[in-house]
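Let's look at how a few labels attached to this model come about.

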Amino acid sequence: MRPPNFIVILADDLGYGDLGCDGGTVIRTPNLDRMAAEGVRLSDFYASANVCTPSRAGLLTGQYAIRNGLAHEVIQPADTTGLPVDALTIPKALGEGYASALIGKWHLGHAAPHWPPMVYGFDRFYGLPYSHDMKPLSIFDSATTPMTESKADFAKLTEWFFGQATAFVEQNRETPFFVLLALTAPHIPLRPNPDDLTGSPGGAYGEVVEEIDLNVGRLLDRLKALGLDQDTMVIFTSDNGPWFEGSSGPFRDRKGGSAWDGGFRVPFIAWRPGALPAGAVSSALSSNLDLLPTLLAMAGRGPVSDRELDGRDISGVLTAGAPSPHEEIVLFDNAHVAAVRTARWKYVARSYYRTHDVPLDRYPLLFDMDSDPGENYSVALNFPDAAAEMRARLEAARARYEPLAKAFPPHVAPASAADHPD
């Protein structure tokens, strides 16, 4: 039996509360809801950062971005930094037996030696160097050497990216493949596709999310038509929480919002008929850091031994409802440890107020995530032992990770970046 194929669909700035299967009531997502009904949904799945670049670095490497010098803000067009060329990425770890493609948004470095994405193990690239609200902007296509550049039609990006991903699947149907389908939607600017208008009650934001949903349905149907559905695990998630529009569901704050769950807690659905239990829902702590070790395990590859990973293999969570392999999840705001989450508790140490990044070390905030997932009421007074334990976890995380930031010079974003964090 050949190893499974993997397709990771990564939405950009999609909120936890935007999908029907996660409790959303405004935007219609019947295909993603069907994907969840036929697969596994994780309710406590975290992006590894609250903005784009560090979250994508974490997803691809299984390491918090602070280990790779990308914890601070996001890469801007004038920057020359990027993911270290010796980073172990998912396509590198899967190895030559897998055909691999990055379709969509890269945003991990667009100047040599961090460019193009083929430096990091991808065989194929079609997409954008960074967010589509940054300039100058072109679509790059590695189908020829040298890569071609063409104009980006914002209204067509989702359609084009799904089309390229489907074509890659069809071309590589006889060999195991890995596709990272990194969408630009629903990140602003919002340009609904005139050929896929749905009349969404969620306005332009709802239109672009419903277009994603339509294309997910088409992709799953195509996999079935090709006879690849039982050989292919499709994962759907988001790089961080919603920005100016969209719903973070019952969780507090949004993208970029320091320590609060609304910027980190994102949808996660895994689908593979016959291999994953249909309709399963797990509250096991998990993170996009877990994708690299999990895909390696499912591909029958050995675990990574030449570097420390922060992600864990959650294949048991997905296939058999096993407990989380994580004792805790660390949440960063830039290079600062901002919070620590365990199964029941969350301890918050940073927030924002107007123009201030506010340390909260003198004001202990302990939240019971079982009874108060919205992080509205600190129960540090009620549970002093839990507060002390969580404070110790936070200090240990600071001691472990924050010194790593000194190993890399921060990329310097333009003055407008504070108003334009991705």
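What follows is a set of questions and answers on this predicted model.

Q: Which residues of α8 are buried, and what puts them on the same side of the helix?
A: The buried ones are A386, A387, M390, R393, L394, A397, R398 and Y401. They cover an arc of only 140° around the axis, and therefore they lie on the same side of α8. In general, an α-helix has 3.6 residues a turn, so residues three or four places apart point the same way. On the other side of α8, D385 and A399 are exposed. The cover over the buried residues includes β13 (329–333), β14 (336–341), β15 (345–348) and β18 (365–368).

Q: Which residues of α4 are buried, and what puts them on the same side?
A: L157, T158, F161, F162, A165, T166, F168 and V169 are the buried residues of α4. Their arc around the axis is only 160°, which puts them on the same side of α4. Among the elements covering them are β1 (5–11), β4 (99–105), β5 (124–128), β6 (139–141), β8 (177–182) and α5.

Q: Why is helix α1 called oblique to helix α5?
A: Helix α1 (residues 30–37) and helix α5 (residues 203–225) pack at an angle of about 50°, with their axes 7 Å apart. That angle makes α1 oblique to α5, because under 35 degrees would count as roughly parallel and 65 to 115 as roughly perpendicular.

Q: Which residues make the contact between α1 and α5?
A: From α1 come P30, N31, L32, R34 and M35, and from α5 come D213, L214, V216, G217, L220, D221 and K224. By class, this contact of α1 with α5 has six nonpolar, two polar and four charged residues.

Q: Why is L291 called buried?
A: The relative accessible area of L291 is 2%, and buried means under 20%, so the label applies. L291 sits in helix α6 (residues 291–298). Leaving out residues up to four places away in sequence, L291 touches V8, L59, I90, I235 and F268. L291 and I314 are 23 residues apart in sequence and 8.1 Å apart in space, C-alpha to C-alpha.

Q: What makes L60 count as buried?
A: L60 has a relative accessibility of 2%, which is under the 20% cut-off. This residue belongs to helix α2 (residues 52–61). Not counting residues up to four places away in sequence, L60 touches L88, T89, I90, P91, W106, L108, F122, L180 and L292. Between L60 and N288 there are 228 residues of sequence separation and 8.5 Å in space, C-alpha to C-alpha.

Q: How do you know that Q76 is buried?
A: Its relative accessible area is 4%, and the limit for buried is under 20%. Q76 is found in the loop between α2 and α3 (90–94).

Definitions and conventions. Residues are numbered from 1 along each chain as its sequence is written. This is a predicted model: local features need pLDDT of at least 70, side-chain atom pairs count only at pLDDT 80 or more; totals for chains, interfaces and linings use all residues. Side-chain values use heavy atoms; hydrogens and water are left out. Buried means under 20% relative accessible area, exposed over 50%, partly exposed in between (1.4 Å probe, protein chains only). Helices (H or I, at least four residues) and strands (E, at least two) are DSSP runs, numbered from the N terminus. The arc is that of the directions from the helix axis to the C-beta atoms. Contact means heavy atoms within 4.5 Å. Axes are lines fitted to C-alpha atoms, for helices over the stretch in contact, and angles run from 0 to 180 degrees between N-to-C directions. Angles under 35 degrees count as roughly parallel, over 145 as roughly antiparallel, 65 to 115 as roughly perpendicular and the rest as oblique. Ala, Val, Leu, Ile, Met, Phe, Trp, Tyr, Cys and Pro count as nonpolar, Asp, Glu, Lys and Arg as charged, and the others, Gly among them, as polar.
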